[in-house]
Amino acid sequence: MITNISIVDITVKDIDESKAFYIDILGFEEHTDITLPDGSYRWCTVKHPNQPEIEVHLGRPGPPYSPEMADAMLRALDEGGMFAIGLRVDDCRKTYEELTAKGVEFVNAPDERPYGVEAVARDNSGNWLVMIEPRAFTPESFS
């Protein structure tokens, strides 16, 4: 029986730079950072202090992906076409201002949606980070 979500994966271009971005800019904490002795694989995870049961794995594309698939994933990052994670925020406009001041690039500034206020940023690898200040909604909210 599945009991919860424990790990989510984010494809990144550079693990060290992404780790710094998620910790220093977004406020996550380091969880695990292990490299195999032969240097062939690195397992790096961060976690949010308010949700420590979920690890966010930051990994460069490689095996078991084929070299062609790994290259395609890196191209998609360069094009800014990869979704990473959705982040709940308590004040989307304030978070937008704070992160913009830290140099974070936004695809969409905060805007009203039927389900709350939403903004879309990019991490330093080009992944989309959807930030939502949620509010109660019904199906009629979308009419």
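Visitor: Why is Arg113 called partly exposed?

Guide: In this predicted model, Arg113 has a relative accessibility of 24%. Partly exposed covers values between the limit for buried, under 20%, and the limit for exposed, over 50%, so Arg113 counts as partly exposed.

Visitor: What makes Arg113 and Asp111 a salt bridge?

Guide: The closest N and O atoms of Arg113 and Asp111 are 3.0 Å apart. A salt bridge requires a side-chain nitrogen of Lys or Arg within 4 Å of a carboxyl oxygen of Asp or Glu, and therefore Arg113 and Asp111 qualify. Asp111, with a relative accessible area of 37%, is partly exposed.

Visitor: How do you know that Glu30 and Lys19 meet in a salt bridge?

Guide: Their N to O distance is 3.2 Å, and the cut-off is within 4 Å. Glu30 belongs to strand S2 (residues 29-35) and Lys19 to helix H1 (residues 15-25), so the pair ties together parts that are 11 residues apart in sequence. Both residues also take part in a network of salt bridges that links Asp16, Lys19, Glu30, Asp33 and Arg42.

Visitor: Why is Lys19 called buried, and why is Glu30 called partly exposed?

Guide: Lys19 has 14% relative accessibility, and buried means under 20%, so Lys19 is buried. Glu30 has a relative accessible area of 42%, which lies between 20% and 50%, so Glu30 is partly exposed.

Visitor: What does the salt bridge of Glu105 and Arg122 tie together?

Guide: The side chains of Glu105 and Arg122 meet at 2.8 Å, N to O. Glu105 lies in strand S6 and Arg122 in strand S7 (residues 116-122), so the pair ties together parts that are 17 residues apart in sequence.

Visitor: Why is the ring pair of Tyr22 and Phe28 called edge-to-face?

Guide: The ring centres of Tyr22 and Phe28 are 5.7 Å apart, with the planes at 85 degrees. Rings pair if their centres lie within 6.5 Å, and planes over 60 degrees apart count as edge-to-face, so the pair of Tyr22 and Phe28 is edge-to-face. Ring pairs link Phe21, Tyr22 and Phe28 into a cluster.

Visitor: How do you know that Tyr22 and Phe28 are buried?

Guide: Tyr22 has a relative accessible area of 0% and Phe28 has 7% relative accessibility. Buried means under 20%, so Tyr22 is buried and Phe28 is buried.

Visitor: What makes Glu97 exposed?

Guide: Glu97, found in helix H3 (residues 92-101), has 55% relative accessibility. Exposed means over 50%, so Glu97 counts as exposed. Glu97 gathers with Asp90, Asp91 and Glu98 in a patch of negative charge on the surface.

Terms used: Residues are numbered from 1 along each chain as its sequence is written. This is a predicted model: local features need pLDDT of at least 70, side-chain atom pairs count only at pLDDT 80 or more; totals for chains, interfaces and linings use all residues. Side-chain values use heavy atoms; hydrogens and water are left out. Patches are made of residues with over 30% relative accessible area and no salt bridge: like charges are joined within 9 Å, nonpolar side chains (Val, Leu, Ile, Met, Phe, Trp, Tyr) within 5 Å. Accessible areas come from the Shrake-Rupley method with a 1.4 Å probe; for residues, only the protein chains shown count as cover. Lys and Arg count as positive and Asp and Glu as negative; His and the chain ends are not counted. The place of a charge is taken as NZ of Lys, CZ of Arg, CG of Asp or CD of Glu. Helices (H or I, at least four residues) and strands (E, at least two) are DSSP runs, numbered from the N terminus. Buried means under 20% relative accessible area, exposed over 50%, partly exposed in between (1.4 Å probe, protein chains only). Rings of Phe, Tyr and Trp (its six-membered ring) pair if their centres lie within 6.5 Å; planes under 30 degrees apart count as stacked, over 60 as edge-to-face and the rest as tilted.
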